[in-house]
Amino acid sequence: MRRAACPGSFDPVTNGHIDIISRASRLFDEVVVAVGVNASKNRLFSAEERMQMLTEASAPYPNVRVAGFDGLLTDFCRDHDVHAIVKGLRAVGDFDYELQMAQMNSSLSGIETVFVPTSPAYSFLASSLVKEVAKFGGDVSGLLPDFVLAQLTKRLAE
Ligand code: PNS
């Protein structure tokens, strides 16, 4: 069984994330979406909320499951018997930092990182931008699942 991790903050999950997760699910026998739950980071959604949204978003993919992690990603991969990390690359701007992380993770544990090019339709998409646009009343429908949009709209109104 070849198992991959798709790690991230997912605050909140977007259609760009789902694109990468669904494509990873076709490349590997099992995909674990690894949600960083580091409590010290300032998030709009709690770890439980982010994981609940990812669980709902990944329901169409039977070989995808969701798990939280705190600490090193390489420790998570060891504990979950994960053989590869899958990361989406949106544009060249992502590359430097992603390469650095891939090389650090490889030096820590030998784990491979597989880069998947983001679909052009989502190459500009980032959770941080979605939150900013939504906060100022911009239309972000179509960039994230409807049920996530509903939770985002509700949270921003609180
Ligand atoms: O969605 P993000 O914020 O880009 O996700 C970043 C994440 C959670 C994948 C990254 O920060 C991470 O792997 N954190 C775990 C801590 C760790 O292992 N750090 C060393 C990375 S080389």
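This is a predicted model: local features need pLDDT of at least 70, side-chain atom pairs count only at pLDDT 80 or more; totals for chains, interfaces and linings use all residues.
1. Arg155 belongs to helix 6 (residues 146-157) and Glu49 to helix 2 (residues 47-57), so the contact ties together parts that are 106 residues apart in sequence. Glu49 is partly exposed, as its relative accessible area is 22%.

2. A salt bridge also joins the side chains of Asp11 and Lys131, at 2.9 Å from N to O. Asp11 sits in the loop between strand 1 (3-8) and helix 1 (15-27), whereas Lys131 is part of helix 5 (residues 127-135); the pair therefore ties together parts that are 120 residues apart in sequence. With a relative accessible area of 3%, Asp11 counts as buried, because the cut-off for that class is under 20%.

3. Within helix 1, Arg23 and Asp19 are four residues apart, so about one helical turn separates them. Their side chains meet in a salt bridge, with 3.0 Å between N and O. Asp19 is buried, at a relative accessible area of 11%.

4. Salt bridges also form a network in this model, linking Arg3, Glu30, Arg65 and Asp81.

5. For the structure as a whole, the search finds twelve salt bridges.

Technical notes:
Residues are numbered from 1 along each chain as its sequence is written. Side-chain values use heavy atoms; hydrogens and water are left out. A salt bridge is a side-chain nitrogen of Lys or Arg within 4 Å of a carboxyl oxygen of Asp or Glu. Helices (H or I, at least four residues) and strands (E, at least two) are DSSP runs, numbered from the N terminus. Buried means under 20% relative accessible area, exposed over 50%, partly exposed in between (1.4 Å probe, protein chains only).
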